[in-house]
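Have the structure open while you read.

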2 protein chains.
Amino acid sequence: MEVLQTVFWSAATSRTGLASRLAYSRTKANSLIAGLIEQGLVQEAGLQASSGGRRPETLQLAGELGVVIGADLGATSLDVAVMRPDLRIIASRSEEADVRAGPGVVLARVRQLMRELLAMNGLSPRQVIAIGLGVPGPVDFASGQLVNPPLMPEWDAFSIRDYLGEAFDAPVFVDNDVNLMALGELWRLQRSLQNFLVIKVGTGIGCGIVCHGEVYRGANGSAGDVGHICVDQAGPRCHCGNVGCLEAMAAGPAIAAMAQQAAERGESRSLAEALRATGRLTAADVGQASRNGDAAANAIIQRAGSLVGQMLASVVNFFNPSHVFIGGGVTQVGPLFLASVRQSVYHRSLALSTRHLEIQYTPLGTHAGVTGTGVLAMQEALRLSGAPA
Amino acid sequence: MEVLQTVFWSAATSRTGLASRLAYSRTKANSLIAGLIEQGLVQEAGLQASSGGRRPETLQLAGELGVVIGADLGATSLDVAVMRPDLRIIASRSEEADVRAGPGVVLARVRQLMRELLAMNGLSPRQVIAIGLGVPGPVDFASGQLVNPPLMPEWDAFSIRDYLGEAFDAPVFVDNDVNLMALGELWRLQRSLQNFLVIKVGTGIGCGIVCHGEVYRGANGSAGDVGHICVDQAGPRCHCGNVGCLEAMAAGPAIAAMAQQAAERGESRSLAEALRATGRLTAADVGQASRNGDAAANAIIQRAGSLVGQMLASVVNFFNPSHVFIGGGVTQVGPLFLASVRQSVYHRSLALSTRHLEIQYTPLGTHAGVTGTGVLAMQEALRLSGAPA
């Protein structure tokens, strides 16, 4: 068990590397690994570069273990992927979706995509080790159910686990989408960072927290709800009932609303043209206009980035993370958004907490969410399994 | 080792309780404890209430182990206590102090008080197991040194450990005062809460964070620096250089300044009289005037509490703690301060993160800091020691 978890969390490790991570003697590690290879749980995957002497064999979880399926639900999008145990993607599909359609509609589509991806790759549902699902709302991790999700009320207390579990006879694990982005990055980093944040800016704004090397969910699973931190006491009313919430002023819909206003006021020819062409504006249109040098679009992006940075400055003073990774659809508006976030944080936070702080877009990019669903599925399946060692 | 730590962290436990906390068999636990009693490390301390059957013996660390000394330095105060291994206080002393006088002056006084307290109780310096020290600034925990402390620049990188270690030939452990308040409460709670905050409102404002059952210090040891979170973008300039910092608007000196203004403007007879009598006003004067029903004093307390609550609302959305404990000198202004903090948080935070949130004054009260220094000293000494088991 512990050995398999360690192989999973240390991409491309050698026997020696594994022994040192586990604080086992080389003899003990070698003998355990020989047993796991014999059982078909671990496989050798080519030679590593030599650091002098014989080149060590790379170890990874065996493909024969099966596959994991991950599905990352955003408010308006859906990503499904079938992955090997080492999370290399075998097949994936992304499409638009509307979570407000309710769990019946959305999960039926998720199930259908999962079946199609398996069938197209000659895989049977029985080969599925586990399923990981990310959802854009607060999750009670133990039950795998959403709790009072503001964007998707019909999902409240719906048993996602039963619905998908029946279809595949595999364990189903559910977590908040931003927690899963954080888990994905933690896995990519092989836990080399212990304390960092992942901010998702999309239809909503949320934050995944890694603390002491583990994803932190808070006392009731609602940690990271930074979208409803107040950034302007004279700001507009948010759907949550309060005024001046970050989400109401800097998430995708707020950016689209600012763009609409700029177009209608004649402040931007680019945005006015885009509005005429499609009848509505999105954050992507603002990104396009900004790339074309549109001043109004740039100002909108700077305003949104600056507000996200204002929230982050408070959070950084409180939490003192080593890194902040920013992901989600809005980051596709381009580098100006990140520059505005940074400027706002560095201007506002204490020297000590920002001296070594790195703020960047999520290295896993659009794959952060779906990678996280794979990590969740694989990690929890290994924890559940009666596999030896 | 592990057994001693567990005895230390579980006040008044029985053999059975200990076995269950350590996940040992009762036979194994009994045999280890018999050995520790024989070595004089653990002692029996009377019978517990029976839950049917024979009444179990209470176990605690043996007094023969020695004593620990804790010193809690605030910006303007100094508390020193000599404690038994179970942190019962043998003797203590509190007095005013000014950390800005520098480490030479302040630590000489700390050392003198430590010697006096030992001598008055017939204890020799050789009986000191360890020393714990809390300081009002950011600490690099590994070196035990302050790092760029804004309130006490002369202490930057001064080796507190060498200074006190030489005098007592005992290991010295240093941490931020608010982290130690959090550690003290964590010990009092016997780790029954995993995720909570301790806010200290005194000359400065800081926050101790307990995450996954451990004190969390952040990537650079500056986590919890909530005093410089912006609560009013049009607010006054803070000594840190930014504007509208909570500390500049709601800590002790800001409360005193608001009181002075109220007195000078003729808004409060109580405060004007107090100002005439002593030439200066403090938060304690505002508390006294408030208890006498002075409306201006009440308004000042409500304003400070409300600003602290505004910061807390953001922090609670981000961290979703189960409890927030508020301590520090300013809390002595009375219950109106706490009521204002609560009102502000519950008004502003998301329903999910506040549904089960408890906000109260620190249960350890003014002892939270000095208890924390004792926990630090005892815990780290047990970790260092070659004691068996």
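Is the crossing of α2(A) and α3(A) left-handed or right-handed? It's right-handed. Keep in mind as you go that this is a predicted model.

## Two helices in chain A

Start with helix α2, residues 15-22 of chain A, and helix α3, residues 26-38 of chain A. Their axes come within 9 Å and cross at roughly 115°. Angles of 65 to 115 degrees count as roughly perpendicular, so that's the word for how α2(A) and α3(A) lie to each other.

Who's touching whom? On the α2(A) side you'll find R15(A), T16(A), L18(A) and A19(A), and they meet R26(A), A29(A), N30(A), I33(A) and I37(A) of α3(A). Sorted by class, this contact has five nonpolar, two polar and two charged residues.

## Two helices in chain B

Now hop over to chain B, where helix α1 (residues 2-9) packs with helix α14 (residues 368-384). Here the axes are 9 Å apart and the angle is about 165°.

From α1(B), the contact uses L4(B), Q5(B), F8(B) and W9(B), while α14(B) brings in V375(B), M378(B), Q379(B), L382(B) and R383(B). That makes six nonpolar, two polar and one charged residues in the contact of α1(B) with α14(B).

Methods
Residues are numbered from 1 along each chain as its sequence is written. Chains are lettered from A and ligands numbered from 1 in the order in which they are written. This is a predicted model: local features need pLDDT of at least 70, side-chain atom pairs count only at pLDDT 80 or more; totals for chains, interfaces and linings use all residues. Side-chain values use heavy atoms; hydrogens and water are left out. Axes are lines fitted to C-alpha atoms, for helices over the stretch in contact, and angles run from 0 to 180 degrees between N-to-C directions. Helices (H or I, at least four residues) and strands (E, at least two) are DSSP runs, numbered from the N terminus. Contact means heavy atoms within 4.5 Å. Ala, Val, Leu, Ile, Met, Phe, Trp, Tyr, Cys and Pro count as nonpolar, Asp, Glu, Lys and Arg as charged, and the others, Gly among them, as polar. Angles under 35 degrees count as roughly parallel, over 145 as roughly antiparallel, 65 to 115 as roughly perpendicular and the rest as oblique. A crossing is left-handed if the near helix is turned anticlockwise from the far one by less than a right angle, and right-handed if clockwise.
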